[in-house]
Every structure is written in C-alpha cells, then in structure tokens.
Amino acid sequence: MSSSTAGKNDNDQVPLMQQNLELLKELIFFQYFPDKSLKLLAFLAKRSTLAAGDQLFDEGEDFGQACLLLSGELTLLKKIGEETRLVRRYYPGDFLGSFSLLGSLPSLFALQASAHSTVLTIGREQFAKILEQFPETGKLALKALLKELHQWERKNLAEGDPPGLNLAGATML
C-alpha cells in the first residue's frame with residue numbers, strides 16, 4: 001500500500017486538500033461538522049493506493065481508521081472454519097469504519113482490495129486532534145453515528161424482505 005498526502009491531481013490541478021475537503025463534505029458522517037474542523041480533517045487525511053489482494057486489515061485487528069473508497073473495489077471477508085466467505089463488496093463513494101474513529105474496536109471481518117483501489121483514510125489519532133481542537137465535534141460525531149445506525153437498521157432490519165427483526169444486534173431504537 002502506498003500513500004500520498006501532498007501534491008496536485010494531474011487531471012484538474014486542484015490541490016488534494018481541497019479535493020479531500022469536498023469529498024468529506026459529501027459524507028453523512030461529517031455533514032454537521034464545522035468547516036474549520038473539516039478543513040483540518042482534509043489536511044490530515046491520507047490517500048493510499050492498493051493493489052488487488054492487498055489487505056487493509058484482518059479479523060481481530062484494530063484498524064483504527066475510517067476510509068472512503070475513491071476508486072476500485074474492496075471486499076469484506078469472514079473466515080468460517082477453513083473457509084473464507086465473501087460478505088459484501090464496497091464501491092467508490094462507500095465510507096467505512098466511522099465507529100473506529102471513536103475507540104478501539106477489533107474487526108469482525110477482513111477487508112481487502114479486490115481490484116486496484118484508492119482510499120482516503122482518517123486515523124483515530126487525527127480524529128482525536130479534531131475532537132481536542134473542536135470539542136463540539138464529539139456531539140456531532142455521536143449524532144452522525146446514531147443516524148448511520150438508524151439507516152442501517154431501517155435498511156437491514158425494518159425494510160428487509162421479510163423484515164429481519166429476529167436478527168441479533170437489533171437495537172430497536
């Protein structure tokens with residue numbers, strides 16, 4: 001996995017920080033954040049390129065980052081005995097790992113690139129700097145996480161065919 005945090009995109013000559021800022025503004029998780037905090041996040045975010053087969057993290061690891069898939073495809077995998085099963089695929093625009101920004105969480109799955117991919121990552125340490133400098137963002141992050149959880153429950157539990165109300169993990173909010 002290779003990283004780049006500075007420079008300009010050859011296609012449109014817009015600085016990467018400005019590109020990162022525009023991408024972050026589009027994400028539900030950051031929609032309530034003040035512009036100053038988003039600008040700092042855009043500066044601290046890192047872009048990485050992955051080759052097909054590169055592993056971002058394995059089951060049980062604490063990745064400690066959230067990532068936005070910019071290009072390519074990522075695959076979520078689960079080991080069951082000797083077999084590795086595909087859980088789902090992620091595509092450009094998908095934002096993963098927002099919960100890990102707030103604390104240490106061992107992953108229940110493995111995540112790997114299934115094609116040449118580019119991701120924008122924000123580490124827990126960088127996010128902690130935002131929380132220190134902009135204390136109001138802690139409440140805003142909680143609000144965003146609750147919204148994400150509610151949307152997940154609506155999609156996967158309430159509106160499923162049939163509704164998955166008997167699934168473990170339903171919060172019944």
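Biologist: Is asparagine 20 buried or exposed?

Modeller: This is a predicted model. In it, asparagine 20 has a relative accessible area of 3%. The cut-off for a buried residue is under 20%, so asparagine 20 counts as buried.

Biologist: Where does asparagine 20 sit?

Modeller: Asparagine 20 belongs to helix H1, which covers residues 16–25.

Biologist: With which side chain does the side chain of asparagine 20 make a polar contact?

Modeller: The partner is the side chain of arginine 47, at 2.9 Å.

Biologist: Let us turn to the strands. What is the order of the open sheet of four strands?

Modeller: The order is S3-S8-S5-S6, and the pairing is antiparallel. S3 and S6 (83–90) are the edge strands, each of them pairing on one side only. From one strand to the next, the twist averages 30°.

Biologist: How many bridges are there between S3 and S8?

Modeller: There are two, between S3 (residues 55–57) and S8 (residues 110–113), in the antiparallel sense. Glutamine 55 is placed opposite glutamine 112 of S8.

Biologist: How many bridges join S5 to S8?

Modeller: Strand S5, residues 74–80, is joined to S8 by four bridges, and the two run antiparallel. Within S8, alanine 113 is the bridge partner of leucine 74.

Biologist: How many bridges join S5 to S6, then?

Modeller: Seven bridges join that antiparallel pair, S5 and S6.

Biologist: A change of topic: which residues of helix H3 are buried?

Modeller: In H3, which spans residues 124–133, the buried residues are Arg124, Gln126, Phe127 and Ile130.

Biologist: Why do the buried residues of H3 line one face of the helix?

Modeller: Viewed down the axis of H3, the buried residues fall within an arc of 160°, and therefore they line one face.

Biologist: Which exposed residues does the face of H3 turned away from the buried side carry?

Modeller: That face carries Glu125, Glu132 and Gln133, which are exposed.

Notes
Residues are numbered from 1 along each chain as its sequence is written. This is a predicted model: local features need pLDDT of at least 70, side-chain atom pairs count only at pLDDT 80 or more; totals for chains, interfaces and linings use all residues. Side-chain values use heavy atoms; hydrogens and water are left out. Two strands pair if DSSP finds at least two bridges between them. Buried means under 20% relative accessible area, exposed over 50%, partly exposed in between (1.4 Å probe, protein chains only). The arc is that of the directions from the helix axis to the C-beta atoms. A polar contact is a pair of N or O atoms within 3.5 Å; within protein, one must be able to donate a hydrogen and the other to accept it, and residues adjacent in sequence count only if both atoms are side-chain atoms. Axes are lines fitted to C-alpha atoms, for helices over the stretch in contact, and angles run from 0 to 180 degrees between N-to-C directions.
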